[in-house]
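Work through the exercises below on aromatic ring pairs, with the sequence and the model at hand.

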Amino acid sequence: IEVCEIDYYLLRQLHRARGERRVQLLRSIARLAEVLPMFDELDLYSNTESRECRFYAMKTLIASHPERSVCHIAQFPSLMTTYEISTITQVMRRVGTTMAYTPMLVSQSRNIQLIGIHLVEQLLIADAEAHLQRLVESDDREIAYVALHALCAIRGDISTPQVYRAMRTFAPHHRASVLRHAVCSCYSLQSCANIFNCDERNRFLQLTNSYKCSMLCN
């Protein structure tokens with residue numbers, strides 16, 4: 001990158017590009033091993049282009065200034081998809097962003113909360129259990145669902161009243177997903193039977209008695 005001046009080449013191309021070509025260039029810039037601070041001027045694009053262009057502009061700004069990651073995420077005007085949350089988290093980890101997960105989990109920004117939950121799940125931060133227990137009762141069903149998913153990943157207590165109340169509000173496919181994740185996380189039925197109905201408990205036993213589950217948990 002340094003010898004061939006790829007970063008400068010991409011920036012020159014970016015000045016002239018429009019539409020999908022600009023999105024492709026921003027995507028390439030965000031993938032660079034090191035993004036120079038000269039990309040500060042991408043602030044100009046973040047509020048004037050398409051949603052996709054704004055997203056990759058934000059991603060590039062995070063890569064160039066890891067210390068301002070949360071500020072850039074907070075300024076993003078749209079709700080991020082699961083894929084976008086995953087890619088932003090990946091960039092933050094790659095460039096060494098300070099992972100202050102507690103402020104993220106208590107943030108008023110939905111995007112920042114989702115990134116905080118994703119980080120807790122990916123890094124298996126067991127100390128975040130109390131925050132996840134609170135978030136499983138969020139009015140936002142997606143926040144509640146991903147928080148419960150993360151709670152399983154860190155092997156937290158999923159037999160609590162908060163989890164029980166949250167499970168009652170989940171759609172059947174979300175309940176089935178939580179069940180499968182609990183099995184994959186090596187929970188026993190006894191430790192979480194209260195959050196499942198009779199049919200789900202039978203399904204839980206079927207999965208835990210499978211040879212694949214025995215291989216995973218042992």
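Two exercises follow, each with a worked solution.

This is a predicted model, in which local features need pLDDT of at least 70 and side-chain atom pairs count only at pLDDT 80 or more, while totals for chains, interfaces and linings use all residues. Residues are numbered from 1 along each chain as its sequence is written, and side-chain values use heavy atoms, with hydrogens and water left out.

**Exercise 1.** Classify the aromatic pair formed by Phe55 and Phe76, and locate both residues in the chain.

Solution. Rings of Phe, Tyr and Trp (its six-membered ring) pair if their centres lie within 6.5 Å, and planes under 30 degrees apart count as stacked, over 60 as edge-to-face and the rest as tilted. A search of the whole structure finds four such pairs. For Phe55 and Phe76 the centres are 6.1 Å apart with 70° between the planes, an edge-to-face pair. Phe55 lies in helix α4 (residues 51–64) and Phe76 in the loop between α5 (69–75) and α6 (82–94), so that the pair links parts of the chain 21 residues apart, helices being DSSP runs (H or I, at least four residues) numbered from the N terminus. Phe55 counts as buried at 2% relative accessibility, where buried means under 20% relative accessible area, exposed over 50% and partly exposed in between (1.4 Å probe, protein chains only). Phe76, at 7%, is buried as well. Ring pairs join Phe55, Tyr56 and Phe76 into a cluster.

Terms used. Helix = DSSP H or I, 4+ residues; strand = E, 2+ residues; numbered from the N terminus.
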